[in-house]
Every structure is written in structure tokens, then in C-alpha cells.
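Okay, everyone, let's get going.

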Amino acid sequence: RVSRQILAHRMLMKISAAITSYRDDRSRRVLLVNTLYALGATGLLALLLVLFRAAFRRLDALAERRLKYHIQRLEARSHQLVQAQQLIAALHGLLKFFGVLSVLAALYLYLNFVLGLYPWTRPLALGLVEIFLDPIRALALGLVGALPNLAFLAIVALLTRYALKIIRLYFAGIEHGTIRLGGFDREWALPTYKIGRWLIIAFALVVAYPYIPGSSSEAFKGVSIFLGVVFSLGSSSVIANLIAGYAMIYRRAFKIGDRIMVKDLTGDVTHIRLMVTHLRTVKNEEIVVPNSEILNSHVVNYSTLARSHGLILHTSVAIGYETPWRQVEAMLITAADRTTGLMKEPAPFVRELALGEFAVTYELNAYCDEPQMMGPLNSAMHQNILEVFNEYGVQIMTPAYEGDPESPKVVPKEQWF
């Protein structure tokens with residue numbers, strides 16, 4: 001309901017004002033003045049940044065000086081549950097956050113002002129708020145849209161957690177002997193629980209994967225493929241040791257406390273882990289052996305039959321043909337009987353191993369039920385063999401033989417000490 005003449009006059013005024021404003025904004029005088037404003041704003045920004053830095057440093061030092069005593073008292077009252085250093089670090093982090101927030105606010109005001117001074121950058125200044133708010137708005141809308149999937153993931157996580165608790169209680173009962181399964185050793189309970197735990201977690205991940213926000217995007221798929229390739233290339237030895245660890249557990253080759261020998265390594269088993277096994281030698285050295293190496297080697301277990309059947313300790317001596325074999329056997333048996341720690345039943349016995357060119361090789365075998373005492377018992381048995389043979393004047397042959405000496409190489413009893 002406006003006449004054409006009035007409407008045309010109105011449009012003419014708007015167009016004229018727009019043209020005038022366009023020309024004024026691009027005039028040399030206005031551009032020069034706006035540039036001076038921009039330089040002044042830049043100087044003011046630099047000054048504000050310096051002031052912010054100094055102010056927050058003083059505020060940080062003041063807060064630490066004022067609150068440090070109270071934080072230390074809180075630490076003492078909580079019996080070290082609350083760490084003073086952690087609280088002080090959190091306070092510094094909070095002040096730093098507010099410092100960064102203040103700097104960002106100053107930068108936003110600076111950019112909005114400076115970009116608005118020039119006609120070419122004015123649209124960017126008007127959309128500066130949108131540049132910062134659009135990502136936040138997108139994240140908020142994405143979060144609202146993903147709420148049903150997040151609820152599903154929460155339910156899956158809750159069910160998985162309680163399933164793990166149930167099987168943990170079940171295998172704990174097996175481990176403590178309250179639940180018995182035929183043919184299932186108690187030592188298998190914890191490793192089997194770990195296998196079951198990984199299977200349940202893997203199944204939960206398979207069920208939950210389609211509901212993870214962004215799982216259908218190409219970027220997510222690319223990252224998954226990349227991680228899978230890296231894991232498969234870099235973990236072949238890790239997987240081999242892991243599988244070997246479980247294979248050893250179910251093979252029942254040894255358990256913690258057993259004395260074993262793997263290749264040329266001998267020691268007591270202190271820890272059996274999924275990747276490695278720890279041995280402690282008689283020299284109190286710790287040896288870490290990869291499980292894959294144990295699985296691919298023969299294992300000698302000195303403890304398996306020691307307590308039920310006895311472990312046979314053996315040593316050999318070479319005695320000349322002039323000494324009757326019955327006397328040598330009797331002396332070796334006597335030396336074994338004198339050794340404290342060896343079992344009386346089964347009784348020790350002697351074997352003639354070889355008829356050499358200059359001597360007969362005898363082997364003394366005696367039983368013990370403590371594998372950890374192998375070293376001391378062998379040493380004591382050798383001492384008693386030397387003493388018995390010296391008592392009866394029987395010479396133990398040396399490795400190289402050239403002829404019989406004028407007198408036997410024995411130590412008289414009066415020279416033993």
C-alpha cells in the first residue's frame with residue numbers, strides 16, 4: 001500500500017547511502033585512519049598480553065604462597081591419600097586455563113575490531129562468532145543425536161562388567177578349591193579366567209562397534225586398518241610368547257617353586273608370566289626367559305618327582321684296577337651314608353660305567369627329596385668321598401696317567417686339617 005513514487009524515492013535513498021558508504025570506506029583518508037586504529041589496537045593487544053602474563057605469574061605465586069600451608073595440612077590429615085604436589089599442580093593448571101581463556105578473549109576482540117575496520121575483511125569479522133560457535137554447535141548436535149547409541153554402549157559395558165565379575169568369582173572358587181572340576185587343575189583357574197575375559201571383551205566390542213559414534217566414517221575405518229597393520233607387523237614375537245605362555249601353563253611342565261633347567265640355564269621358578277618366566281639361580285641371579293624359547297626347548301624339572309620318588313644325585317670317580325670293585329663300592333656307599341641330607345630309602349647304589357685303559361669309572365647315585373639342596377649335597381658328598389678314600393689309602397686317579405707313583409696320592413688323616 002505504498003505508491004510507486006514513494007517506494008522509488010525510498011530505494012533511491014538506500015542505494016545512494018550504500019554508494020556513499022562504499023566510497024567512503026575505500027577512501028584514502030578513511031583507510032589511513034582505520035590503519036592507525038589497527039596499529040593502536042595491535043599495540044594495545046601486545047600491552048594486554050604482557051600485562052596478562054605478569055598478572056597471572058603474580059597470581060600463581062600468590063596462590064601457591066597463600067594456599068601451600070593449607071594444602072600441606074590437608075595432605076597430613078588425609079594420611080598421604082591427598083598429595084600436596086598434585087593439588088598444587090592442579091591449582092597451577094586451573095590458573096593457566098583462565099590465563100589462556102583471557103588471551104583468547106583478547107584475541108577475539110582484537111580480530112573482531114581490526115577485521116571490521118576494512119571493507120574487504122568486514123564479512124569475516126561479522127562471521128567470526130560463527131567460526132568459533134559452529135564446531136561447538138556441531139558437537140552438541142552430534143552428541144544429542146548419538147544419545148541412543150551411547151545408551152546402548154552404556155548397557156553393553158554394564159552387562160560386560162557384571163559378566164566378568166561372575167566368571168571371576170567362579171574361577172576364584174576353583175583357584176581356592178571351593179569349586180572342583182574333574183581333570184581341571186587349580187593352577188589353570190587364573191589363566192583360564194584371563195582367556196575368558198578377553199573373549200567376553202572381544203565379543204562386547206564386536207556387538208558395540210556399529211553403535212560407536214563415527215564408526216561408519218571412512219576416517220575411522222582407515223585408522224582401524226592402519227592400527228591393525230601396525231599391530232600385526234610389530235607384535236609377531238609378542239603373540240608367539242603370549243601363546244607359548246598359555247601353552248606352558250596347560251602343559252604343566254613346571255610351577256612356581258620348581259627347580260628346572262632350560263638349555264644351559266638352571267634355577268628356581270619365581271614367576272610365570274604370559275610373556276616370560278623368571279628364574280632365580282643358585283648364585284641369586286634373576287634370569288628372564290621368553291616363553292617361546294622354553295616352549296621350543298626341552299625342560300628338565302628336578303622337583304616333579306623329588307618329593308614322591310626322590311631325585312638321584314650322581315658323581316663319578318676313576319679308581320685303579322688294583323683296588324677291588326667291592327671295596328670301591330663300599331667306600332662310595334659309606335661316603336653317601338655320611339652325607340647329611342641324603343635319603344636312606346631308597347638306598348644309594350653304585351654303577352661301574354666304564355673299564356678304561358688305566359682305571360675303572362664308578363658312579364655313585366644317592367637320593368634326595370630337596371632339589372634346592374642339590375648344590376650343597378653334591379659338595380658334601382664329594383668331601384665325604386675324599387675323606388673315605390683317604391682313610392683307606394685308595395688313590396683317585398688323575399685325568400692324565402703316565403705310571404704308578406712310588407706312594408699313593410692320598411692325604412693322611414693327621415694332615416686333613
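So, which residues make a nonpolar surface patch of about 550 Å²? That patch is made by Val2, Ile6, Leu7, Met11, Ile15 and Ile19. If you want to find it on the screen, go to helix α1, residues 4-25, because that's where isoleucine 15 is found. And keep in mind that what we're looking at is a predicted model.

Let me zoom out for a second. The protein has 417 residues, and 27% of them count as buried. There are 13 helices and eight strands. The protein exposes about 28,700 Å², and carbon and sulfur atoms supply 65% of that. Now take the contacts between residues at least 6 apart in sequence: 60% of those join residues at least 24 apart.

Next up, the inside. In soluble globular proteins, nonpolar side chains tend to be buried together. Here, the largest nonpolar core has 25 residues, and the ones with the most contacts inside it are Leu313, Leu332, Leu342, Tyr362, Ile385 and Phe389. Which elements each supply at least two residues of this core? Those are β6 (311-320), α12 (325-338), β8 (359-368) and α13 (374-391). Helix α13 gives the most, with six residues.

Click on phenylalanine 389 if you can. Leaving out residues up to four places away in sequence, Phe389 touches Ile319, Val328, Met331, Leu332, Val394, Ile396 and Val410. There's also a second, separate core of nine residues, including Ala253, Ile260, Val262 and Leu279.

On to charges. Side chains of opposite charge can pair when their charged atoms come close. The count here comes to six salt bridges, and I'll show you a few.

Start with aspartate 25 and arginine 122, whose closest N and O atoms are 3.1 Å apart. Aspartate 25 lies in helix α1 and arginine 122 in helix α4, residues 122-126, so this pair ties together parts that are 97 residues apart in sequence. Is aspartate 25 buried or exposed? At 18% relative accessibility, aspartate 25 counts as buried, because the cut-off for buried is under 20%.

Now head over to arginine 338 and glutamate 391. They form a salt bridge too, with the closest N and O atoms 3.0 Å apart. Arginine 338 lies in helix α12 and glutamate 391 in helix α13, so the pair ties together parts that are 53 residues apart in sequence. Arginine 338 is partly exposed, with a relative accessible area of 36%, and glutamate 391 is partly exposed as well, at 34%.

One more pair: the side chains of arginine 351 and glutamate 363 meet in a salt bridge at 3.0 Å, N to O. Arginine 351 lies in strand β7, residues 349-355, and glutamate 363 in strand β8, so parts 12 residues apart in sequence are tied together. Arginine 351 is partly exposed at 44%, whereas glutamate 363 is buried at 11%.

Stay on glutamate 363 for a moment. What does its side chain make with the side chain of asparagine 365? That's a polar contact, at 3.1 Å. Asparagine 365 is found in strand β8 and is buried, with a relative accessible area of 5%. Leaving aside neighbours within four places in sequence, asparagine 365 is in contact with Ile312, Leu313, His314, Pro348, Phe349 and Arg351.

Definitions and conventions:
Residues numbered from 1 in each chain as written. Predicted model: local features only at pLDDT ≥ 70, side-chain atom pairs only at ≥ 80, totals over all residues. Heavy atoms only, no water. Core = buried A, V, L, I, M, F, W, Y, C linked by side-chain atoms within 4.5 Å. Buried < 20%, exposed > 50% of the residue type's maximum accessible area, 1.4 Å probe, protein only. Helix = DSSP H or I, 4+ residues; strand = E, 2+ residues; numbered from the N terminus. Contact = heavy atoms within 4.5 Å. Patch = residues over 30% accessible without salt bridge, like charges linked within 9 Å, V, L, I, M, F, W, Y side chains within 5 Å. Areas by Shrake-Rupley, 256 points an atom, 1.4 Å probe, with all protein chains shown as cover. Salt bridge = Lys/Arg side-chain N within 4 Å of Asp/Glu carboxyl O. Polar contact = N/O pair within 3.5 Å; in protein donor to acceptor, adjacent residues only side chain to side chain.
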